[in-house]
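Please look over the sequence and the structure shown below. The report that follows goes through some of the contacts, strands and spaces in the model.

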Amino acid sequence: LVQTEGTARLTVDLNGITVGGHATFGSSNSVRYDVNHYITPWNGTSLALVSNTDPITFTVGSERLRIDTAGNIGIGAATVGDNLHIQESAASTNTVLTQLRHERLTSGTAAAGLGVAQDFYLEDAAGTSNQAARIDVAWEDATDTSEDASIRFNQMKAGSLAEAMRIDDAGNVGIGTTAPN
């Protein structure tokens, strides 16, 4: 026991090492703040941050990320409303803010067709999760400084994913065709 001014600062006992009355380094290889809050090894390759009673928050100056007790994740949101809740507050009243970025890189040279997609899955009547739709954004022309892209909306039809609508690089909209004009 090491103490200053009558307060325990470092305790070594059968439970492990306790620093400042809070963080405990014990035989379970966990670092415990208290009974409900600790960091512990997970699957032998990573660490788990555990809170049995409170949201887990990450801060840099102020709170940046929160995982609530239901497992919902909030980025910039102190109160999490969905599985993933992204919130940004700004003083401007007439601008669009980027909140989510999908980025596709290649180790080769980008060419027409290189793209990124957002998938949507639904549970079917048999209880199986299946792809129901996908939104693709892809280069029609990947030439540096003259890039052109299209947006493609795909939906499941009779068990196969097929393009249902496209907005091409000229702004033409095609429903049921991959070559709108």
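## Gln131 and its polar contact

The side chains of Gln131 and Asp119 are joined by a polar contact of 2.5 Å. This distance, like every value in this report, comes from a predicted model. Gln131 is part of strand E13. Its relative accessible area is 18%, and buried means under 20%, so Gln131 counts as buried.

Leaving out residues up to four places away in sequence, Gln131 touches Asp119, Phe120, Tyr121, Met156 and Leu161.

Asn154 lies in strand E14. With a relative accessible area of 8%, Asn154 is buried, because the cut-off for that word is under 20%.

Which side chain makes a polar contact with the side chain of Asn154? The partner is the side chain of Asp136, at 3.1 Å. The side chain of Asn154 also reaches a backbone atom, the nitrogen of Glu163, at 3.4 Å. Not counting residues up to four places away in sequence, the residues that Asn154 touches are Ala133, Arg134, Asp136, Leu161, Ala162, Glu163 and Ala164.

## How the strands pair

The protein chain has 16 strands and zero helices. Strands E12 and E13 run antiparallel and are joined by nine bridges. Within this pair, Glu123 stands opposite Ser129 in E13. The hairpin of E12 and E13 has five residues between the strands, and Gly127 there takes a positive phi near 85°.

E13 also pairs with strand E14, which covers residues 148-157, in the antiparallel sense over eight bridges. Arg134 stands opposite Asn154 in E14, and Arg134 is also among the residues that Asn154 touches. In the hairpin of E13 and E14, six residues lie between the strands, and Thr145 takes a positive phi near 75°. As a general point, side chains in a regular strand alternate between the two faces of the sheet.

## The largest pocket

How much space lies in the largest pocket? The value is about 340 Å³. The lining has 15 residues, and the closest to the centre of the pocket are His102, Arg104, Gly115, Val116 and Val137. Two elements give two or more residues to this lining: strand E12 (115-123) and strand E13 (129-141).

E13 supplies the largest share of the lining, five residues. By type, the lining residues divide into nine nonpolar, three polar and three charged.

## A loop residue: Asp82

Asp82 is in the loop between strand E10 (73-75) and strand E11 (84-86). Leaving aside neighbours within four places in sequence, Asp82 is in contact with Asn72 and Ile73. Asp82 and Ala70 are 12 residues apart along the chain, and 9.9 Å separates their C-alpha atoms.

## The chain as a whole

The protein chain has 181 residues, of which 16% count as buried.

What share of the contacts with a separation of 6 or more comes from residues 24 or more positions apart? In this protein chain, such residues account for 7% of those contacts.

How values were computed: Residues are numbered from 1 along each chain as its sequence is written. This is a predicted model: local features need pLDDT of at least 70, side-chain atom pairs count only at pLDDT 80 or more; totals for chains, interfaces and linings use all residues. Side-chain values use heavy atoms; hydrogens and water are left out. On a 1 Å grid over the protein atoms alone, a cavity is a set of points where a 1.4 Å probe fits but cannot get out, and a pocket is an open set with protein on both sides within 12 Å along at least five of seven lines; lining residues have an atom within 4 Å of a point. Grid points are joined across faces, edges and corners, and a volume is the space filled by probe spheres set on the points. Helices (H or I, at least four residues) and strands (E, at least two) are DSSP runs, numbered from the N terminus. Ala, Val, Leu, Ile, Met, Phe, Trp, Tyr, Cys and Pro count as nonpolar, Asp, Glu, Lys and Arg as charged, and the others, Gly among them, as polar. Two strands pair if DSSP finds at least two bridges between them. Contact means heavy atoms within 4.5 Å. Buried means under 20% relative accessible area, exposed over 50%, partly exposed in between (1.4 Å probe, protein chains only). A polar contact is a pair of N or O atoms within 3.5 Å; within protein, one must be able to donate a hydrogen and the other to accept it, and residues adjacent in sequence count only if both atoms are side-chain atoms.
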